[in-house]
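Work through the exercises below with the sequence and the structure open. Each task is followed by a stepwise solution.

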Amino acid sequence: MRSYAFERPGTVTDAVRRAGSGSAFLAGGTTLVDLMKLEVMTPDRVLDINRLPLRGLDTTGGGLRIGALERMSDVAADPRVRRAYPVLGQALDLSASGQLRTMASIGGNLLQRTRCGYFRDVSTPCNKRLPGSGCPAIGGENRTHAVLGASGSCAATHPSDLAVALVALDAKVRLQGREGARTVDLRDFYLLPGDTPHLEHDLRPGELVTEVVVPALPWARRSTYVKIRDRRSFEFALSSAAVAVRLDGDTIVEARVAVGGMGTRPWRLTAVERALVGRRATEETYVAAAATAVEGTRPLRHNAYKPELMKRTLVRALLELEQTR
Amino acid sequence: MTTSPIGRIGRETDRVDGPLKAAGGARYAADHQPEGLLHAHLVQATVGRGSVRRVDVSRAEAAPGVVAVFTPFRPLPLNPPSPQQSGENYSALQDTAVRFRGQVIGLVVADTPERARDAAALVSADYAVTPSRTSLADGSPGVAQGVVQKLADGVPSIDAALAASPVTVTTSVSQHAQHHIAMEPHATTAVWVDDHLTVYTGAQAPQRAAATIAARLGVDPAKVRVLCRYTGGGFGQRSPVWNEALLCAAAARALGRPVKVVLSREQVFTAIGHRGAVRQTIRLGADTDGRLLALSHESDGELPAAGGWQMMPGRDTSAVMYRTPNIRIDQRLVTLDTPPTWSMRAPAEAPGMFALETAMDELSVRTGVDPVELRLRNHATEDPVEGRPFSSKHLEECYRVGAERFGWSGRRARPRSRTDGDWLVGTGMASAIYPAWRQSATARVRFGDDGRVTVSSATSDLGTGSFTVLAVVGADELGVPVGSVDAEVGDSALPPGGVGAYGSSVTTSTVPAVQAACRAAVEALVRAAVENPRSPFAGLDPAAVRYRRGRVEARGRSVDFRTLLHAMGVPLVEAVGATDPNTTSPYRFHCFGAHFCEVRVHRLTGEPRVARFTSVFDVGRVVNAKAARSQLRGSIIWGVGHALLEADPIEPDGRFAAATMADYLVPVHADTPEIDVHWLDHPDPHISEFGARGLGEIGLVSVAAAIGNAVFDATGTRVHDLPITLDKLL
Amino acid sequence: MTQHEGITRRGLLGMVGTAAAAATVPLGGGSAAAQPDTGEVTVRMTVNGTATSLTADPRVTLLDAVRERLGLTGTKKGCDRGQCGACTVHVDGRRVVSCLTLLATLDGASVTTIEGLADGDRPHPLQRAFVDQDGLQCGFCTPGQIMSAAAVIAEGRARTDDEIREQMSGNICRCSAYPGILAAIRQARTEMR
């Protein structure tokens, strides 16, 4: 770990004022401390924001506002979340481990870095860690890598389960910078790697995630998150699906679908949503709709199974949702 | 023994080291903090093969708190390893050669662990790189090491025997490198006082470790002591001494201060040996009733150029398991530029029996003979190569009891025919075998004037329950409560002749020694009682004095040993017992078992999940039912990892692709199925008077095959390349 | 660099200052703000019920602080990456992996390690249950298992076997004593009610 100065800003304004190139905000620490030990992240200043007033869950006026410093386990356990947005609670419950969920913040979860083994190993090249150094994953061990959104520079998946659920729900993030606050759709917040995989977010220097805003979506009470992995727990997704469906009788009238473990960012599948709407909620419908999900996938040597797994994960999620009817 | 009034043998006894471990008070190698301690961190090569041209230590040396940086250009003197010993064939820092990616090329010593770690990251090296040989497939077939062959009269070759068989099955399987992942990362704390060295390091064989360290450092073996009272798992990984411990001791000597090295988890993957990758082909020839006519087992195992453990997966599996007139075992090794290999729990037997028992399942499918029935038809009462009888074999009873406990009968052998909701359900079984091994052993038993008995042996308890075995056997033999017995292991300074804790041999070997030591100690106590003038029994004929349940008795007088020792003014009476195996025995000694399991595979997403396991073992006498059950269940969970999770592919440049605990997946709690383990009560009369054959590894053997066979039953897909992951079942 | 105030627990005192060179401890500053001249951070917290003040480099984790500075070696370093759970402790009653917790963030916090779980000489029900049910073998992961289990029970997340298995999956036991661990949690859950 490289040495750094440790500071504890007293207010959000102070935090943002102090932040800049070379600084890092510290919340739960489960990403930052880990990556600082590996020397993947080497900030010269660490700004401990844990005592800033970015807490609380608010459901007034419909929707859900989550303070960026709320901890994953607390949000997952909140009855309002579980009732109104089961997909969020499930995505959080299926993340990491009990201890890490207790520690990790919602804002930090959305900003966590990829689990690509080359990114995390400073003895190998990585365009995301060291721009221009190359990508060993594309021709190397890439069983867990992305089949959507990858470029010739990077095929690393985004690891967050929560972000997949939030993208399905059209969530937004509130950002506070020196020039003021702004709100960004989470879908647009994550950048495709292109030839600049080190740029991951629409986040200006020093900007701080202060809040996650989930719009009101009453029919998200029927939503679910399915996560597929080799180990039964404590593992990142090989594949995951966040789905919500509104039915009129047996007919699907609205749908939200996003997948994880497939893309370089949480991947919303509007084509699948369109293919579901207006059709009867049957396995045949799901299979046909899921087939559209694989358009544009580009498998690598060891992850050719992923498009098929994505389809099946979607069908499974939609079927499991049916059982909650 | 079993007739003793205390009678703890075979019953449920709490682990004697349990309370201290549960309190967090057990001290492991890294928990020792002697005065003046320095901390060291390894630097490892980042290329796969070649040589170090230059090491830049300037930034590290200038970093705060750094005391020294050692490299091949500023080495710590170490002697080369003995050519007789298997394992790594070089000493770190003694030359500039890079033999594999991850080889130790530096050691940074500083005043705190963080400063040592952070300064190590500032060391940079220039290399001359040569291409690495890392592909087992490309290097196969390797060099034949151990060919075992027996052909029936008139049969010219195994190929001819197979060709003449009405039914043949060819099964080729493979597995990647695997890692032990003992929870305690390797750590060493070395303290010199004058010219005496004390080394705190997890060692499966403390006395062998002390001798190795002495030889490599060029010091008098009598002046080196290895202490490892508590060790956080071994599984084979802690049987040799690795470079980390040698460099630590050498650095402490060079700097004149105690030094501690704690490997990072990632470093353990490469600086410490792994189970080598292996590819195997089984060919079975049988008649249409499934009776074996020929068996061929070929293997190509990884053998690092830097040295390591040789993978011989047919020798103790296919060469002994089933009756067959024609057999050929061809074990080959492929030299690769990979980190050292080392023995890992059921080192050759787990892969070997995965191959054989997968092939047997395919033979069952081909012939339509039920898997249990197929194995009964091929049951061997003597080993098929040498024709030697087994010392004690009740495998048929394992099949029968296991099938009954599991509910095997009435199984329909039709793949993909059972579902439960969206889950495909299948069942599978396999036979297990593991060699029993008795070594020469010593133990010491001491009566103390505090009223306690101490049973000691220079072996090691890696979580294997040896402390409790010593206490239970000592208590049983002496007729005292287990609670009044202290057990001592993990100290090379105990009487010479302690056994290494490997090969499932500690109980088998040490129990007879403990019994002998108990008898000798009783004899010594009685002798003291009649010879010591202050003893109430002074001057009596020893034959008239008897020892019973902690008391010395004669002429109607009965005195407990504590009172007796006080009366005599003697702090303790002790004796050493040493026992040897019968090396002229005509028997083959093996443990046996039968596994049955149910697996579920999701019909859409394909993930295999083990639902329940029933295993029955024939392991001779069991000392402590509680620890035995725990160890057998743990082995079965290891098998779940072997079957479904554990693989570390090696990349063309020699980099392990999954060298972290997030990438190399071992089973977590949620992966645990319902497990029913049972053992038969058949003490082995030929291995020792006591009759224990050991059970540390047999539980893992063939678990992967049973699971794979159940996956086939559930899905109709046979996965030959481990691990069985969902992408292979879509 | 380290200092204890009023430590009574045996085993703590002996280790103070052995891992780091002795230095003056600023007792006046209660803030964890950086001290520009040294870069070190002073943290005042309660460890196992004892008020403790530590001044250290801001890179020091809670794990390294309790092990190397306070001599509380019951908390184990199994991976140092949050991937194994051996270092689990409670911070303000919540289970965390101490390897990813920076000491500098803990000013004012209350930390409980395995050494602080027992009630004096009386072991915690989980400590007894782990022995009764043989929920351990090598014992290296055991402190972390017990600390996790205590929190899981307190959180009310130990209602069913499957829930225990899932909630305890952040604590890897390579000896795979999981069935015994499950039984121990069931046993202690009843006693702790």
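**Exercise 1: Domains of chain B**

Task: which domains does the assignment give for chain B, and how many residues of domain 1 and of domain 2 of chain B take part in their contact?

Solution. Step 1: the model is predicted, and the assignment divides chain B into domain 1 (18-25 + 439-579), domain 2 (32-131 + 183-233 + 238-271) and domain 3 (278-437 + 585-728). Step 2: between the C-alpha centres of domain 1 of chain B and domain 2 of chain B there are 38 Å. Step 3: their contact involves 13 residues from domain 1 of chain B and 16 residues from domain 2 of chain B. Step 4: sorted by class, the domain 1 side of chain B consists of six nonpolar, six polar and one charged residues.

**Exercise 2: Confidence in chain B**

Task: find where pLDDT stays under 50 in chain B.

Solution. Step 1: take the chain as a whole; chain B has a mean pLDDT of 97, with 99% of its residues at 70 or more. Step 2: look at residues 1-5 of chain B, where pLDDT stays under 50. Step 3: the model has nine contacts beyond four places in sequence for residues 1-5 of chain B.

**Exercise 3: Chain A against chain B**

Task: describe the side of chain A that touches chain B.

Solution. Step 1: count the residues in contact, which are 21 in chain A and 23 in chain B. Step 2: helix 12 (residues 306-322) of chain A supplies the largest share of the chain A side, six residues. Step 3: by class, this side of chain A holds six nonpolar, five polar and 10 charged residues.

**Exercise 4: Positive phi**

Task: is B:D194 buried or exposed, and is C:S176 buried or exposed?

Solution. Step 1: locate B:D194 in the loop between strand 10 (187-193) and strand 11 (196-201) of chain B; its phi is near 55°, a positive value in a residue other than glycine. Step 2: B:D194 has 6 C-beta neighbours inside 10 Å, and the cut-off for exposed is 12 or fewer, so B:D194 counts as exposed. Step 3: locate C:S176 in the loop between helix 4 (161-167) and helix 5 (178-192) of chain C; phi of C:S176 is near 60°, also positive in a residue other than glycine. Step 4: C:S176 has 29 other C-beta atoms within 10 Å, and buried requires 20 or more, so C:S176 is buried.

Methods
Residues numbered from 1 in each chain as written. Chains lettered and ligands numbered in written order. Predicted model: local features only at pLDDT ≥ 70, side-chain atom pairs only at ≥ 80, totals over all residues. pLDDT = per-residue confidence, 0-100. Contact = placed C-beta atoms within 7 Å. Helix = DSSP H or I, 4+ residues; strand = E, 2+ residues; numbered from the N terminus. Nonpolar A, V, L, I, M, F, W, Y, C, P; charged D, E, K, R; others polar. Domains from an automatic or database assignment.
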